[in-house]
Amino acid sequence: MKSRAIRIDRHGGPEELKMVEVDVGEPGPGEIRIRHKAIGLNFIDTYQRSGLYPFAMPLQLGMEAAGVVEAVGEGVTHLRVGDRAAYASQPPGAYCEVRVMPAKCVCQLPDAISFETGAAMMLKGLTAQYLLRKTLPAEGLQTGDFILFHAAAGGVGLIACQWARALGLQLIGTAGTDAKCQLALAHGAAHAINYSTENFAARVKDITGGKGVKVVYDSVGKDTFEGSLDCLRPFGLLAIFGNGSGPVPPFNLGQLGAKGSLYVTRPTLFTHMATRESTQAMADELFAVVASGDVKIPIDQRYPLTEVQQAHRDLEARKTTGCTVLTL
Ligand SMILES: NC(=O)c1ccc[n+]([C@@H]2O[C@H](COP(=O)([O-])OP(=O)(O)OC[C@H]3O[C@@H](n4cnc5c(N)ncnc54)[C@H](OP(=O)(O)O)[C@@H]3O)[C@@H](O)[C@H]2O)c1
């Protein structure tokens with residue numbers, strides 16, 4: 001069987017993304033074959049393309065999709081042929097019509113959730129889940145607590161804004177334009193700061209009466225790291241989970257003591273998704289907040305898979321908001 005797929009033969013810019021035809025075989029033990037209905041675009045795809053996260057070549061990109069299970073390998077018990085399914089995957093390879101992949105990270109998609117929504121929400125929604133529910137300060141988070149979430153109008157960001165509101169947290173969101181700040185507020189952020197024009201650390205101190213926040217969720221990295229440390233109250237936690245502006249350079253651990261016995265972590269979704277059980281438990285929470293209407297998945301852009309180069313350009317140029325879906 002053949003599939004159209006987007007592949008790179010070397011790391012580089014969006015121009016390296018090429019449409020090719022690949023052979024797709026039968027699933028082996030622990031694998032399924034899935035025919036995609038929609039594919040999710042993620043910032044991590046740009047790191048894998050550029051080489052910030054290096055891979056052996058050639059590489060079929062893509063980490064998130066939804067579709068219909070077409071064939072099931074030996075030992076797979078949680079999926080059957082014909083099931084609607086969605087996933088955030090390791091290894092990459094979602095930019096295609098049909099693929100064979102490990103079944104472990106694939107979940108049945110509830111009937112009430114469309115394929116497009118499934119494709120948009122798995123990687124970003126499971127990330128919001130582990131950040132807000134599992135990446136916590138030592139004393140936990142209580143109703144009314146302040147947290148700071150950078151890039152709050154992005155894909156992970158707009159899901160986190162809504163989920164934090166449902167948890168009773170006061171999420172302070174940052175974003176690069178006033179329009180994006182309005183979007184974060186409309187999705188449940190309690191406050192929004194335009195970090196292109198304002199000193200976000202000073203604003204956070206104002207908003208919290210000088211105390212600071214318990215957790216900063218920072219996916220911007222290099223440009224925000226220092227300011228993020230200054231937003232924390234004593235014993236606060238900085239979760240650096242992305243490199244939107246570039247990776248955080250090595251830093252002096254002594255800073256953490258001087259700024260109030262702070263904690264820093266660098267989590268990734270795929271540690272949390274290490275087992276089928278942990279993946280399903282996280283997905284069940286995500287499906288529940290989407291089913292209840294507490295979290296609506298904002299699909300703000302759609303590109304045909306053939307226009308994936310433009311999708312990458314727009315994402316890296318900060319032109320997108322919310323989630324982006326690649327259509328087939
Ligand atoms: N570790 C994990 O488990 C994990 C999982 C999923 C995602 N992530 C990370 O979470 C972040 C959000 O992912 P996403 O797919 O939802 O993307 P996104 O937030 O929709 O897009 C990235 C956003 O980062 C902001 N940004 C700030 N400085 C930037 C710069 N110099 N260049 C480009 N963008 C910049 C932009 O928003 P403004 O214009 O508002 O600044 C941009 O829209 C990414 O950094 C991603 O790598 C990490």
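Residues are numbered from 1 along each chain as its sequence is written, and side-chain values use heavy atoms, with hydrogens and water left out. Since the model is predicted, local features need pLDDT of at least 70 and side-chain atom pairs count only at pLDDT 80 or more, while totals for chains, interfaces and linings use all residues.

We begin with the strands. Helices (H or I, at least four residues) and strands (E, at least two) are DSSP runs, numbered from the N terminus. Two strands pair if DSSP finds at least two bridges between them. Strands of a sheet pair through backbone hydrogen bonds, either parallel or antiparallel.

Six strands, in the order β11-β10-β9-β12-β13-β14, form an open sheet with parallel pairing. Its edges are β11 (191-194) and β14 (263-265); each has a single partner strand, so one side of each is left without a neighbour in the sheet. From one strand to the next, the twist averages 15°; axes are lines fitted to C-alpha atoms, for helices over the stretch in contact, and angles run from 0 to 180 degrees between N-to-C directions.

A second open sheet has three strands in the order β2-β1-β4, and here the pairing is antiparallel. The edge strands are β2 (18-23) and β4, each with a single partner strand, so one side of each lacks a neighbour in the sheet. Two bridges connect β1 (residues 2-8) with β4, where I8 stands opposite L59. The loop between β4 (59-60) and β5 (64-72) contains M63. This residue counts as buried because its relative accessibility is 0%; buried means under 20% relative accessible area, exposed over 50%, and partly exposed in between (1.4 Å probe, protein chains only). M63 and G93 are 30 residues apart along the chain, yet their C-alpha atoms are separated by 6.4 Å.

Strand β16 has partners of both kinds. Strand β3 (residues 31-41) runs antiparallel to β16 and is joined to it by four bridges, with L41 opposite T324. Strand β15 (residues 299-304) pairs with β16 in the parallel sense over five bridges, with R302 opposite V325. Four of the five residues of β16 are buried.

β16 (323-327) also supplies at least two residues to the lining of the largest pocket, as do other elements, including α1 (43-50), α2 (115-134) and β10 (170-175). On a 1 Å grid over the protein atoms alone, a pocket is an open set of points where a 1.4 Å probe fits, with protein on both sides within 12 Å along at least five of seven lines; lining residues have an atom within 4 Å of a point. The volume of the largest pocket is about 1,000 Å³, counted as the space filled by probe spheres set on the points, which are joined across faces, edges and corners. Its lining has 50 residues, and F43, Y47, A151, S219 and G244 lie nearest the centre.

Finally, the structure holds zero disulfides, a disulfide being a pair of cysteine sulfur atoms within 2.5 Å.
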